[in-house]
Amino acid sequence: MIEDSITTHLLDKPPHLIGSINDYSIADIEWIAGQFQITGPIAVAEFPGRGNINLHTYEVRAGEREYLLQKVNSDVFTMPYRVMNSMGSSIRAQGAALAVGKGDPLWVPIELVPTRKGNEFLDLTDEHGWSVWRLMIRIPNSACYKSLGEVENRASQLKLAEEVGRGLAIYSDLTSSIDPKKIEGSLPGYRDTPLYYNQFHSVMACNRTLDQAEDLLPNDPVLRKSTRQHFLVALSDDLYAARKSDPELAPFIQLVEEREPFAMGLWVALEDGRIRHTLIHGDTKIENFLFCAETGRVKALVDLDTIMPFTWLADWGDLQRSMVNVAGEKERDHSKVLVDRDVYESVAKGFLESAQEVTDAEVSMMVFAVQAITLELGLRFLTDYLRGDTYFRLSEGDPPDLNKVRAIVQLTLYRRLVEFGPEAEQRLRAYRSG
């Protein structure tokens with residue numbers, strides 16, 4: 001623990017804190033935390049709830065206040081300034097909308113603590129690599145969940161699902177004032193269905209060099225540089241042939257090929273002006289929502305790293321896809337991959353009864369969007385398995401066919417969602433008219 005205040009003079013940056021290091025001592029983290037405008041004795045500890053992306057996340061206590069300190073993972077987010085600029089735009093828009101009475105007064109946007117120099121983030125980047133840090137006030141009296149299964153009874157699960165849907169509506173409304181043209185996505189190529197299909201076609205053609213894949217590569221130089229490796233097969237000839245000719249995969253490869261025009265539906269609707277370009281969160285799983293620990297009411301949407309311009313229907317589709325999958329993403333028994341229809345309806349109820357900024361044309365595509373986003377994820381897992389697991393990398397102990405299993409689960413879920421489609425339209429109709 002070190003004594004610190006915003007008026008205390010700190011020594012210059014320790015010489016070993018170069019941009020490329022990833023192994024920090026407690027003293028290092030205390031020094032970094034001390035570069036922000038916090039007062040009182042500083043104590044830090046590793047945050048037990050850190051995810052797979054933001055590996056350097058720490059609990060910070062200064063005086064009587066609690067904070068979260070994070071380093072932006074530049075291995076994943078290779079343009080961390082984009083991450084922080086988009087995050088700042090989202091936070092400011094939420095605050096401005098709440099100030100004029102929009103949304104829910106109980107909603108609590110993330111609050112960034114400025115650095116001593118008044119910046120929104122601490123930039124320790126140097127010639128050795130990226131090192132971008134942010135300090136956030138920890139939202140008090142909050143509960144979070146990794147899945148509905150953490151809630152004991154069915155009624156409480158459905159109520160929580162409704163709150164998740166309401167939270168997405170609140171967040172989307174509060175950020176609707178942002179001009180999406182002014183936001184640069186932090187992950188070039190993310191949610192780009194045409195790009196994903198071009199990668200699939202390149203891998204199916206067994207392209208191994210950029211010259212071979214040239215006709216399928218994007219023209220935009222930033223997008224090309226960020227995604228070009230995912231157009232290429234990284235497996236040996238024998239293993240690639242075995243994966244591509246796997247009879248269990250054959251019907252799913254055919255499904256992906258046949259449904260390409262369907263998968264483009266959101267893009268077509270954006271291009272012809274039927275739906276709006278909006279800001280999206282990009283990762284609307286239940287664990288990124290915070291709820292009041294006492295009332296269960298949704299109060300925040302966190303993890304603002306994947307903000308980008310697209311359509312809110314993508315956030316909606318991904319949320320429902322993740323919420324209604326009864327079997328989870330690694331189930332090998334395809335008969336267990338089912339749609340939890342009551343959860344689907346609860347999420348829809350929470351969203352449609354709260355959303356203010358949506359259009360009729362967008363609402364009419366809600367059922368479709370869940371199907372399309374599920375198909376897209378199945379396509380991504382399938383392509384990655386066929387090229388050699390270069391994007392969804394396997395961890396130690398993972399089975400070598402994990403991405404195959406994930407692909408089959410998502411594509412099976414897509415089929416179940418299509419079967420459920422007419423009933424889903426009927427269930428949503430009551431909330432649309434309301």
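How are helix 12 and helix 14 oriented to each other? Before we get to that, keep in mind that this is a predicted model, where local features need pLDDT of at least 70, side-chain atom pairs count only at pLDDT 80 or more, and totals for chains, interfaces and linings use all residues. Residues are numbered from 1 along each chain as its sequence is written, and side-chain values use heavy atoms, with hydrogens and water left out.

Now find helix 12 (residues 341-352) and helix 14 (residues 366-387), which pack at an angle of about 125 degrees with their axes 13 Å apart. Helices here are DSSP runs of H or I with at least four residues, strands are E runs with at least two, and both are numbered from the N terminus. Axes are lines fitted to C-alpha atoms, for helices over the stretch in contact, and angles run from 0 to 180 degrees between N-to-C directions. Angles under 35 degrees count as roughly parallel, over 145 as roughly antiparallel, 65 to 115 as roughly perpendicular and the rest as oblique. Helix 12 and helix 14 are therefore oblique to each other.

Who touches whom? Tyr344, Phe351 and Leu352 of helix 12 meet Met366, Val367 and Val370 of helix 14, where contact means heavy atoms within 4.5 Å. Sorted by class, that contact has six nonpolar residues, no polar ones and no charged ones. (Ala, Val, Leu, Ile, Met, Phe, Trp, Tyr, Cys and Pro count as nonpolar, Asp, Glu, Lys and Arg as charged, and the others, Gly among them, as polar.)

Next, the strands. Look at strand 5 (residues 132-137): six of its six residues are buried, meaning under 20% relative accessible area with a 1.4 Å probe and protein chains only (exposed is over 50%, partly exposed in between). In a regular strand the side chains alternate between the two faces of the sheet. On strand 5, Val132, Arg134 and Met136 are buried on one side, and Trp133, Leu135 and Ile137 on the other.

Strand 5 also has partners; two strands pair if DSSP finds at least two bridges between them. Strand 3 (residues 65-71) pairs with strand 5 in the antiparallel sense over five bridges, with Tyr67 opposite Ile137. Strand 4 (residues 122-123) runs antiparallel to strand 5 and is joined to it by two bridges, and here Leu122 stands opposite Trp133.

Finally, move along to strand 8 (residues 289-292), which is joined to the antiparallel strand 6 (residues 142-143) by two bridges. Strand 8 and strand 9 form a hairpin with five residues between them, and Gly296 in the turn has a positive phi of about 80 degrees.
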